[in-house]
Amino acid sequence: MCIRRLFRSSDLQQAWRAASLRCIQCWWRGAHRRTHSGGSAYRAVIFDMGGVLIPSPGRVAAAWEVQNCVPSGTILKALIKDGETGPWMRFMRGEVTTGDFLQEFGRICSEISKTSVPVDSFFSLLTSEQVTQQFPVMTEAISQIRAKGFQTAVLTNNFYVSSGKSFFPLDRSQFDVVVESCLEGVCKPDPRIYQLCLERLGLQPCESIFLDDLGPNLKAAASLGIRTIKVDDPEIAVKELESLLGFSLHWHIPNTCSVRRSMEIPKDALEKYLKDLLGTQTTGPMELLQFDHGQSNPTYYIRLANHQLVLRKKPPGTLLPSAHAIEREFRIMKALANVGVPVPRVLELCEDSRVIGTPFYVMEYCPGCIYKDPSLPGLEPSQRQAIYTAMNRVLCQLHSVDLQAAGLGDYGKQGDYLPRQVQTWTKQYRAAETSTIPAMERLIQWLPLHLPKQQRTTVVHGDFRLDNLLFHPEKAEVLAILDWELSTLGDPFADVAYSCLAHYLPSSLPLLKGVSDRDLTQLGIPTAEEYFRMYCVHMGTPPIKNWNFYMAFSFFRVAAILQGVYKRSLKGQASSANAEQSGKLAEFMSNLAWDLATKEGFRVFKEMPAAKPLTRSYHTWGGPWSLLSPKGTRSYSSVPHAPPAHASKGVLVFSVEGLSPWARDLYDRLQRFMEQHVFPLEPELQRHQASVDRWTPSLLIEDLKEKAKAEGLWNLFLPLETDPEKKYGVGLTNVEYAHLCEVMGMSLYAPEIFNCSAPDTGNMEVLVRYGTEEQKARWLTPLLEGKARSCFAMTEPQVASSDATNIEASIREEDAFYVINGHKWWISGVMDPRCQLCVFMGKTDPQAPRHQQQSMLLVPMDTPGIKVIRPLTVYGLDDAPGGHGEIQFENVCVPKENMILGPGRGFEIAQGRLGPGRIHHCMRLIGFSERALALMKARVKSRVAFGKPLVEQGTILANIAQSRVEIEQARLLVLKAAHLMDMAGNKAAALDIAMIKMVAPSMAYRVIDRAIQAFGAAGLSSDYPLAQFFAWARALRFADGPDEVHQVTVAKMELKQRT
Ligand SMILES: Cc1cc2nc3c(=O)[nH]c(=O)nc-3n(C[C@H](O)[C@H](O)[C@H](O)COP(=O)(O)OP(=O)(O)OC[C@H]3O[C@@H](n4cnc5c(N)ncnc54)[C@H](O)[C@@H]3O)c2cc1C
């Protein structure tokens, strides 16, 4: 139904509004019209009236004589009797009154015909509306001539009618000059009257063309040097005029074609219906064209004599009950016209299918001007401002309609417009989906969770855009709002946002041109913000804060519509070029929508007070899920009963209870796996790590990896955000993964077992995000399969590497290679025999701006020139088999295609890589801490000192309490950062990631330290994981950047954002 409408619109939508034919008369052009004539030698066309623009008196007389049994030729003979001095010529020079003329004329006619001739009756007919209708072909021609900048004039031999006014039945506004013989006292062919006309036009004779049906009149004009055309048949004369002027003089009804065979309607029945409707005895054939993109409701242009109409009908065949509701269009336009909203004037709704086969309605074809290009080319800035203001005003007018007074109280449901719309367009999109569009998936999750509360219910147009407005050709006034197919009752801000689509789109966009890349101030066009403010001020409404939601929704809808167009075109219902375009555009629009959604998400976060109760949801909607929460029960999640997979995206799930059933199931399985397979094997794994074979990977780990893979507990780390099609991972959100990663963090060996360990995870994410297909095939695949491992080489011993711009290692371009030289250390994982890839960071251009000097290269570990100098230890622990190595790179040559993203983009990639890497460390640190606290609790319950169990000692209790509080605090911050990554992306979450990286290692360090203390000396031994946890927590105050660097980031942002 309406899904097609948008793209019948823009270039196609004209259908019934095809009024753009007179766009050419627009005011700005009008201003310049007199100065342009398209390079032609002619600058004006002068028309005779009778016989050229309207039927000639001679022809009227011939018909009248037959009807009144007057001998043929009587009137004509009487008209020419006595030439210049005869009664007709004197009448036309205004020398005699109508009464005197008729008396004398009657006498002459009777003498000629030898019978009494009722000349009064002839005169009435001659001046009647019936025979003074301007020939449509001439009306078109005049319109086209003027549009090209030519002047038009009428030079007529006319007379006074009985009212004392001159006889001039035409619309004077079509002409620059009107010269009437009865007013001037001079008649054609007197040369003076031609000269008078030329004088008033301000032209030389050779600059004009004169059309007349009488030879003497033409001869006189020609003798003055005026170019002449003899008019016997107006159609033929217009053709001749066209060839002199060099352009078409026929109206072009945009986007029309002859009626398609399958869409034919019975013409005779329609003509009869229209004649009855218009109450006119029209002459001439009815012209019927079809607007060529009216796929939904076929739409026709009709010209019947002087009437121009538009007919819109339901398509033939069986229809869905709610589809093609032309009755609604008719109803809304009629109701709005009654309360003064400018709309096309609807004439009648015909629900009787017997007339043309289906119900239809007829409306007037509105002449006016449609601005298809939102930048309004050719207009002055003040005119543009005026057009946008008029658009804004008319929207206010529409939204101010009193629904009851207009009889529209039941035109749609009151309230809940946006939830319904989101649902509808999601359904439409799903029905048209051809492949996954990641941004659409995100929006489908996000929109329902951020629905604003509808403040008012008004008529909403549903497709309110500049090119759906018909403007007055000469002033900034909206004559009609068109295209009511999507209208209903709803949230007026949806219309306001929709009317700003162009503000967010580039001017180069096909189909939907925008102005986002234009200088709006210079153009005189209000910005979206100014436009919105203008609306609020005029409506007396306070501005809303979630404008970006409305914009995101608007673009979501456009994307869904485009996807529909694309799907239909694939079925062969549109040209392939269009098909490809609309498919790409759908993705483009959805990305735009998602950008706006993230802005809105960010706003919500920024506005949150620092302290909130745990149950606080970050979304703005208290939707039906919250109703499911049994009253009085306390939940740590804002989604007590989560719906299917990924419903937790967009919601901050504080505890595992709030996870979606799918994520919860993964969580439970992971926990079971840990309990059944990992914790029991820890002592064995630890023994291996302390043995001489420690640099050889443990076979136990390899076995567990296969088991985990078989159970689907594999590559859990890749966020849905990065991998929306779940090509590489399982598709958890960052928040969901946070809960699972915490469980993995409880054992130092677990992350590798689930292929979720650093630095592989960061490297894999880099390859997914930035790698070429070849790079992915070569490196990502073995890493994802757990067959290979990798390292990340940035830190250098000779420079303070917490400032990555200090990095000195060089990457030099040489023919088809890059040559690397540098010294790195603390390179985790490099000692592992399975390590096949080093993601290397070095400088390609030390002269470039600070953050564009670095690049990242994929270096195969077996490349000659890589020398591992030694393994480093952390508190004496060497973390075998991966270890942390010091390495020398000496003239290491790698092919150019191993560059990631391109030279100078290393910093950019590092930012993208380190964000997720950092938060994963923090998630695991929460796991360390929980495990440490659990061990501590068990230990203090089992040991007695000074007469009572340790657990009863006050300091122990205080330490337990302190640890619980600190873990909870850190976890909340981790979850918040993860949520922000899900909702607004890694970049927007940078501050929160820095905060958590500052908080989590120290927190874990303190919690583990308390646990060690409570354990006594055993806590320091390798009998328990505490010592290793402690070493790691301490190391993580350096790894991925020392605390101070994150402190600086947080402080800088604090100062920037909150002062
Ligand atoms: C276990 C472990 C594993 C690691 N794994 C890797 C790896 O795989 N790949 C890799 O490339 N690197 C790795 N690193 C290195 C780590 O990233 C760096 O140690 C870290 O970035 C700090 O750099 P640096 O050691 O050169 O310290 P420096 O830059 O010399 O800094 C020294 C100290 O100066 C202080 N400082 C620095 N900046 C500021 C400031 N702005 N304000 C106040 N004080 C400041 C801090 O206290 C900092 O600790 C690892 C480190 C460890 C401990």
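Two strands count as paired if DSSP finds at least two bridges between them. In strand 5, Thr 228 is the bridge partner of Phe 210. Helices (H or I, at least four residues) and strands (E, at least two) are DSSP runs, numbered from the N terminus. This is a predicted model: local features need pLDDT of at least 70, side-chain atom pairs count only at pLDDT 80 or more, and totals for chains, interfaces and linings use all residues. Residues are numbered from 1 along each chain as its sequence is written, and side-chain values use heavy atoms, with hydrogens and water left out.

**Confidence**
- The mean pLDDT of the protein is 86; pLDDT is the predictor's confidence in each residue, from 0 to 100.
- A pLDDT of 70 or more is reached by 88% of the residues.
- Residues 1–38 stay under 50 in pLDDT. The model has 143 contacts for them beyond four places in sequence, where contact means heavy atoms within 4.5 Å.
- Residues 609–648 also stay under 50. Their contacts beyond four places in sequence number 71.

- An open sheet is formed by 5 strands in the order 3-2-1-4-5, with parallel pairing.
- Strand 3 (177–180) and strand 5 (227–230) are the edges, and each pairs on one side only.
- On average, neighbouring strands of this sheet are turned by 20 degrees against each other, direction ignored.
- Strand 4 (residues 208–212) pairs with strand 5 in the parallel sense over 4 bridges.
- Helix 12 (residues 234–245) lies across strand 1 (44–47), strand 4 and strand 5. Helix 12 runs at about 155 degrees to strand 5. Axes here are lines fitted to C-alpha atoms, for helices over the stretch in contact, and angles run from 0 to 180 degrees between N-to-C directions.

**Strand 9 and its partners**
- Strand 9 (residues 307–313) is largely enclosed by the rest of the structure, because 6 of its 7 residues are buried. Buried means under 20% relative accessible area, exposed over 50%, and partly exposed in between (1.4 Å probe, protein chains only).
- Strand 8 (residues 299–304) pairs with strand 9 in the antiparallel sense over 6 bridges. Tyr 300 has Leu 311 of strand 9 as its bridge partner.
- These two strands form a hairpin with 2 residues between them. In the turn, Ala 305 has a positive phi of about 55 degrees.
- Strand 9 also runs antiparallel to strand 11 (residues 360–364), joined by 5 bridges. Arg 312 stands opposite Tyr 361 in strand 11.

- Helix 32 (residues 954–988) has 35 residues, but its end C-alpha atoms are only 43 Å apart. A straight helix would reach 51 Å at 1.5 Å a residue; the expected span is 1.5 Å times one less than the number of residues.
- Helix 32 has a kink of about 95 degrees, centred on Asp 982. The bend at a residue is the angle between axes fitted to the seven residues ending there and the seven starting there.
- The buried residues of helix 21 include Tyr 531, Phe 532 and Cys 536.

**Loops**
- Lys 188 and Pro 189 are joined by a cis peptide bond, with omega about 10 degrees. Pro 189 lies in the loop between helix 9 (181–184) and helix 10 (191–201).
- Lys 114 has a positive phi near 55 degrees and is exposed, at 73% relative accessible area.
- Asp 483 has a positive phi of about 65 degrees, but counts as buried at 2% relative accessibility.
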